[in-house]
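Please open the model in a viewer and keep the selection panel at hand.

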Amino acid sequence: MSETHSFDLEALRALGDVDLRLSRARRKLERAADLAAPQRTRVEGIKRELEQLTTDLREAQKGVKTRELEMAKAEGERQKAEVALNQAKSNSEFSTLTALMERKTAEISEAETKVLEAYDHQEAIETKLAASKGRLSEKEKELADAEGRVKVEADKAQVLIDAAEADRVTAAAKISGKHLELYERLLERNKDTPLAELQDEMCGACGIKCRPEQISLARGAKQLVTCGSCQRILWMRQG
């Protein structure tokens, strides 16, 4: 494709250079936000861990209370059996209550073991919870540092963007309306730049071999020529 109206190739190239700068600065701004991504992920992971440990701790505390109630119940029943044993009036009753007391004593011993196990479980969770809180504090500091770097890099990128946008206004003003409209349309399609250098008779962007007439027109730099494949504006180094 060629455009028969005269055009200023250098002006288009200058605008293309500005848009390339602008595109790179915008990507730099996008990448800046990712600088804190690893730290943010770690903090979020520890927070989820803390939520789970907090839930586990509540369940462990409930378990301790349950075991304590079981032990208290067994102790109460043993005490009742002891009172009844002291009031036993026959050998048969005495034997029955003695056996009951032995069972309740065994239940109390088992309940005590379960209470201790429940306490150990609770303490283990509390230890993990304290360690996680410590790690969270550490990782939050790291995240704050990373976010500080994000701001620095984002500010730098924004300075580049502002400068490129100002230069773009000046560069675009030097191009005729028709060619600027075509340029903008191609820029929307090709993102970074709508221009491509002809190298070894091929489009420097997509690698397609160009026709002889395209090469000739591009060499003369008097007509606007676009690649038949990627539609970028073709240009050649002179001399």
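**Before starting**

This is a predicted model, in which local features need pLDDT of at least 70, side-chain atom pairs count only at pLDDT 80 or more, and totals for chains, interfaces and linings use all residues. Residues are numbered from 1 along each chain as its sequence is written, and side-chain values use heavy atoms, with hydrogens and water left out.

**Stop 1: salt bridges between helices**

A salt bridge here is a side-chain nitrogen of Lys or Arg within 4 Å of a carboxyl oxygen of Asp or Glu. How many salt bridges does this rule give? The count is 22.

Select D19 and R168, whose side chains form a salt bridge with an N to O distance of 2.4 Å. Because D19 belongs to helix α1 (residues 9-34) and R168 to helix α3, this pair ties together parts that are 149 residues apart in sequence. Helices (H or I, at least four residues) and strands (E, at least two) are DSSP runs, numbered from the N terminus. Both D19 and R168 are buried; the term means under 20% relative accessible area, while exposed means over 50% and partly exposed lies in between (1.4 Å probe, protein chains only). The accessible areas come from the Shrake-Rupley method.

Next, select E147 and R40, a salt bridge in which the closest N and O atoms are 3.8 Å apart. E147 sits in helix α3 and R40 in helix α2 (residues 37-86), so the pair ties together parts that are 107 residues apart in sequence. E147 is partly exposed at 37% relative accessibility, and R40 is partly exposed at 30%.

**Stop 2**

Select E107 and K104, whose closest N and O atoms are 3.2 Å apart in a salt bridge. Both residues lie in helix α3, three residues apart, or about one turn of the helix.

**Stop 3: a patch of negative charge**

Select E117, D120, E123 and E126, which gather in a negatively charged patch on the surface. Patches are made of residues with over 30% relative accessible area and no salt bridge; like charges are joined within 9 Å. Asp and Glu count as negative, and the place of a charge is taken as CG of Asp or CD of Glu. E126 is found in helix α3 (residues 91-172) and is partly exposed, with a relative accessible area of 33%.

**Stop 4: cysteines**

A disulfide is taken as a pair of cysteine sulfur atoms within 2.5 Å. By this rule the count is zero. Select C203: it is in no disulfide, and the nearest cysteine sulfur, that of C230, is 3.7 Å away. C203 is buried at 3% relative accessibility. C206 is likewise in no disulfide, with the nearest cysteine sulfur, that of C227, 3.6 Å away. C206 is partly exposed at 32% relative accessibility.

**Stop 5: positive phi angles**

Select D200, a residue other than glycine with a positive phi, near 55 degrees. D200 lies in the loop between β2 (195-199) and β3 (202-203) and is exposed, with a relative accessible area of 70%. Finally, select Q231, in the loop between β4 (224-225) and β5 (233-235). The phi of Q231 is positive as well, near 70 degrees.

Definitions and conventions. Patches are made of residues with over 30% relative accessible area and no salt bridge: like charges are joined within 9 Å, nonpolar side chains (Val, Leu, Ile, Met, Phe, Trp, Tyr) within 5 Å. Accessible areas come from the Shrake-Rupley method with a 1.4 Å probe; for residues, only the protein chains shown count as cover.
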